[in-house]
Amino acid sequence: MFSYSLAHIAQLSHSTLLGSGALVITHVQFDSRNFSPSPHTVFLALVGAQRNGHTFIAHLYEQGQRIFWVQEGESYPTYTDAHYIISKSTLRAFQHLMQHYREQFHFPVIAITGSNGKTICKEWLYHILKHEITVVRSPKSYNSQIGVPLSLMLLQANYNCAIMEAGISQCGEMEHLERMLQPTIGIFTTVGDAHQENFRSIDEKVAEKMKLFTHCKQLVYCADYEEIHHHAQLLPHTERVAWSFSNRAPIQVSTTAQSEYTIISVRSHEKTQEFTLPFRDRASIENAIHCFVCAQLLLPQSNLVPYMSTVPQIAMRLEQIAGTHNCTIINDSYNSDLQSIGIALQFLSQQKQHTKKTLILSDVKQSGTAAGELYAHIAELIQQYDIQTIIGVGNDISTYLPAFIPQGHFFATTQEFLANSEQFHFENETILLKAAREYQFELIAHKLELQTHQTVLEINLNAMIHNLNYFKSKLKSGTKIMVMVKAFSYGSGSYEIANILQHQGVDYLAVAFVDEGIELRNAGIRIPIIVMNPEYGMLAQLYEHNLEPNIHNFTVLAELEQFQKTHKLPHLPIHLKLDTGMARYGFREDDIAGALQRIATIAHCRVVSVFSHLVGSDESRFDEFTHEQITLFTRMSEGIQRTLPYPVLRHILNSAGIERFAQAQFDMVRLGIGLYGISATQQENCMHVSTLKTCISDIRSMHSGETVGYCRNGKILRPSKIAVLPIGYADGLRRKLGNGTGQVLVGNQLAPIIGNVCMDATMIDITGIDTHIGAEVVIFGSELPISDMATRLETIPYEVITGISRRVKRVYYYE
């Protein structure tokens, strides 16, 4: 296992050591948000575009951490009882160390790169090989400059093979990954537009990715991708193991599509092998062939055909849904191994909405580790986190885990647990479901779910974090960020989003009303929250829950005066809204002097920030007025700063303003719709966060002359197939979308809405589309943007997303 003394680390990474060289390190962590202080853990302070790890050293020291890996030239506190490894670049030094660690192992390492399919190939190859040999694989999508060295830490002598992903986003990165991984066998999956923004051409990107295989013994790829095939020929020392659908390679592949599966025939060296794949799409077929060919190279004497028919649907995400009795369910019931258990427990620990946490865990299969040792490791993982209830399902976990966690509850089967589940009285807690697919934990999830409505709004938390980081990249150093989570977080769910934002380190949250802020406080949100519209009579509850009001007129100010005379709070933070042109809320310029005079008479009252709202920052036709607003705000806020005897934050930019008026960042910006993937100028840099989807509940054939829906507005002009969707205007699908105005996505084909949208149902014309009852239908998402629906409705995306009813189940997923 990974174990180095500090002296050895310093030597191998060409670094300087301040402290005891005898201390032994077994873990390296770089994320301060998920840090567990330990005498055998070093905190790796990375310097990134958005975050500098050195700024968290003081906080970690207070938590008990004493070993730090720091970078020359950076500012950080030094402590006499702490130990420091000092490197020119902490990232490169860590990579040098992991290169040395990789060289200690002589089993094959399979490296996978490509624009798409890396994680699927890794998981499927693991599924195939684990039946024959002991395999370790990189967790999640750990394929970056930091992800690869972290993955290599998992290598141990008892493994027979390692499977690792490698991904890049710009030139010059792959050489570092190649030196660390030193792959034996390579897979180049596909080439596409992913991360294309940093490459001049597809050809340049393929050439850069191909560097991973410079010293590789064998490379598996599809010769039908011309750029991949061309650059593969340039590898001087690598055997090219190419396959093709079109006679372009020694390995010939043909497929026969069936209703629910695909029959794949692979012919090589006069030998033909045939297997069944439980998928029909082209991407899955290509991924399966890559895996089959690669596995044959590694295990030429083994019969791998039976394993191909059981490759799983890879759910590369944790789903978070609302449960009964105010519970939150985290569903990760797709696979279960030591790596993914650790990831899931870390995600569980980040949830602050409930203090009580429960883990329901199945047997861990195909681990390659003796059962007693395996469950000792699992117990160590569980004990790192404050989990009140442990429930085990399966014979192995029931046999071995009680020795380490005697307070646990154990059942032989999922059915036995379900039959006895009422004894647990789940209430006000977060429940993690972690299982191998064969244990059918979806039955447990179904029992615990609050809603079973077939229409769901999926919230991609990875996309949300990406968008947050994109807008952060526009900010100057030191500029704070406030995120708007009003209106049920733009329809996406309040505390779930706020919890992610708190974890990502935003400075402020903003809600519209006091009850929204109270809901967040009750869910464990502790960062500052401003209430934009504090209703009359709510100040006591507002300050009781440590919220901060926006004072936007003299009426609210008068209420504040009376409130403080009665309550005499020792701290009374407020925010001042200035009207620079919106004419909605805020003090005008000639109001400011009087407002400040009255504020000065309120005991312990302190203005935290002053702000205003831009009218048309997203449209160039209003730019002249926007500049006028910024100029007026500058003058008004500077006057306030001169009057008050303490510093005051200033902010005026919204999402569009961050992109278009960077010179007006002041001290803080307010991010709203941009967080959810809507950009005023650079939509290509934002990711869609929300996908509204439902399914077909009925299909009927109709004849020309018949009608569909209320008022007979949906007229059938030809023999047609009409599908019914269980979504209507009570769910937020506007009636204006009826009669051909709106359209949905069925498979990869657009289907128009026919007839009027009903309260709970909508009909679509699926004539010519091959589909069936139960098939998924996308109302809006990445392939059918919400902006398209907004255009058809002659409105804005804000109105669409905030209009999705709360009866629509929200599913949060994190890949």
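L418 is found in helix α14, which spans residues 414-419. Helices are DSSP runs of H or I with at least four residues, strands are E runs of at least two, and both are numbered from the N terminus. The model is predicted, so local features need pLDDT of at least 70 and side-chain atom pairs pLDDT 80 or more, while totals for chains, interfaces and linings use all residues. Residues are numbered from 1 along each chain as its sequence is written, and side-chain values use heavy atoms, without hydrogens and water.

Leaving aside neighbours within four places in sequence, L418 is in contact (heavy atoms within 4.5 Å) with L443, I444 and K447. I551 lies 133 residues from L418 along the chain. The C-alpha atoms of these two residues are separated by 53 Å.

The protein as a whole contains 26 helices and 41 strands. Its radius of gyration is 29 Å, close to the 28 Å of the globule rule for 815 residues, so the protein is as compact as a globular protein of that length. The radius is taken over C-alpha atoms, and the rule is 2.2 Å times the number of residues to the power 0.38. Along the principal axes, the C-alpha atoms fill a box of roughly 90 × 85 × 60 Å. Of the contacts with a separation of 6 or more, 65% join residues 24 or more positions apart.

Buried residues make up 56% of the 815. Buried means under 20% relative accessible area, exposed means over 50%, and partly exposed lies in between (1.4 Å probe, protein chains only). The protein exposes about 34,300 Å², and carbon and sulfur atoms supply 50% of this area. Accessible areas come from the Shrake-Rupley method with a 1.4 Å probe.

Aromatic pairs number 22 in a search of the whole structure. Rings of Phe, Tyr and Trp (its six-membered ring) pair if their centres lie within 6.5 Å; planes under 30 degrees apart count as stacked, over 60 as edge-to-face and the rest as tilted. The rings of Y61 and Y79 have centres 3.6 Å apart and planes at 5°, so this pair is stacked. The pair links distant parts of the chain, 18 residues apart. Y61 sits in helix α2 (residues 57-63), and Y79 in the loop between β6 (67-71) and β7 (83-87). Y61 counts as buried, at 17% relative accessibility. Y79 is partly exposed, with a relative accessible area of 22%. One aromatic cluster is formed by F2, Y4, Y101, F105 and F107.
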